[in-house]
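Colleague: Could you walk me through how to read a ligand site and a few buried spots? Let's start with the ligand.

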Amino acid sequence: MTISGKTRVCAVIGDPIEHSLSPVIQNAAFNALNLDIIYTAFTVNASNVINALTGIRALNFLGLSVTMPHKEKVIPHIDWIDNTAKCLNTVNTIHCKENKLLGYSTDGIGALGALRENGANPHGKRVLILGAGGAARAIAYTLIEDADELVVLNRTVTKVEKLAETLKQKFGKKIRVNSLSPSIIRKEVIDSDILLDTTSVGMKPSMDQSLITSDYLRSDIVVMDIVYSPVETRLVREAKTAGAKVINGVEMLIYQGAAAFEIWTEHKPPVQVMRKAALEQIGRV
Ligand code: ATR
């Protein structure tokens with residue numbers, strides 16, 4: 001594409017940021033739709049978050065992705081946040097519109113998109129989530145509206161109890177929580193339709209680790225791992241061995257990026273193009 005005086009700019013800020021796949025994914029999508037937009041990445045340390053947002057406003061960026069560790073820190077400095085982002089106290093997407101900075105959280109939509117588009121609609125299903133970090137909270141917040149029952153297990157129980165209280169107050173819906181011991185996981189998996197691992201277990205360089213082995217699983221359960229580096233985690237391999245339906249971490253990455261793309265451009269995101277770009281980049285590194 002030709003960068004001209006009219007080209008709009010999007011970027012991701014975080015620290016560290018060099019390994020972000022978002023520039024590759026978003027630029028592939030902008031190119032595929034012939035949109036005059038470019039996407040780049042900036043390392044921004046915590047003391048510079050306000051300056052970065054001031055700059056983005058002044059330079060009339062189109063959009064911004066916000067990643068670790070700034071998803072909470074940006075909130076006091078933007079003009080509006082949507083209800084999900086407000087409740088979760090986390091923003092990963094900013095739309096700069098008419099000189100206002102509008103904040104969203106697309107992690108939950110990303111997980112829901114990944115499930116639905118891969119033939120695993122959580123509607124009326126029993127969903128088991130492992131972990132209670134930022135990603136798990138966004139996912140639980142989104143899935144609780146659809147799922148019949150939500151069970152969340154976490155190594156640190158106080159964290160998961162806090163999440164249960166927030167969700168109960170907001171939705172008045174039941175969510176069960178417990179600690180993350182092998183015996184509890186084994187027991188809870190038995191009645192679950194969908195298992196979502198949001199922990200960092202199995203991520204590079206600890207690729208041989210998994211909270212679950214194939215003997216915990218059945219062929220009629222859906223297993224989704226949000227770790228995408230490596231794409232084929234030990235959990236993904238164990239689930240395949242059990243004959244389960246498997247959704248890897250690239251899917252959530254793609255669909256949360258697709259949601260951001262749609263917010264910025266109001267175009268239907270070219271998901272296939274985004275997936276291909278992500279997988280090629282992962283293969284290269
Ligand atoms: P993210 O924003 O990606 O969700 P996070 O907020 O750091 O990242 O959350 C990481 C999750 O992985 C947490 O639920 C964490 O459990 P704790 O709350 O007990 O820290 C979980 N996790 C990380 N390493 C783990 C391990 N070895 N065993 C079990 N859970 C683990």
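Modeller: Gladly! A polar contact is a pair of N or O atoms within 3.5 Å; within protein, one must be able to donate a hydrogen and the other to accept it, and residues adjacent in sequence count only if both atoms are side-chain atoms. Here, a polar side-chain atom of N154 sits 2.7 Å from an oxygen atom of the ligand. This is a predicted model: local features need pLDDT of at least 70, side-chain atom pairs count only at pLDDT 80 or more, and totals for chains, interfaces and linings use all residues. Residues are numbered from 1 along each chain as its sequence is written, and side-chain values use heavy atoms, leaving out hydrogens and water.

Colleague: Which backbone atoms lie at 2.9 Å from an oxygen atom of the ligand?

Modeller: A backbone N or O atom of A132 does, while a polar backbone atom of G134 is 3.1 Å from a ligand oxygen.

Colleague: How many residues surround the ligand?

Modeller: A residue is near a molecule if one of its heavy atoms lies within 4 Å of it. By that rule 13 residues surround the ligand, the closest being A132, N154, R155, T156 and K159.

Colleague: And is H70 buried or exposed?

Modeller: Buried means under 20% relative accessible area, exposed over 50%, partly exposed in between (1.4 Å probe, protein chains only). H70 counts as buried because its relative accessibility is 0%.

Colleague: What about helix α5?

Modeller: Helices are DSSP runs (H or I, at least four residues), numbered from the N terminus. In α5 (residues 134-143), 7 of the 10 residues are buried, so the rest of the structure largely encloses this helix. Those buried residues are A136, A138, I139, A140, Y141, T142 and L143.

Definitions and conventions: Helix = DSSP H or I, 4+ residues; strand = E, 2+ residues; numbered from the N terminus.
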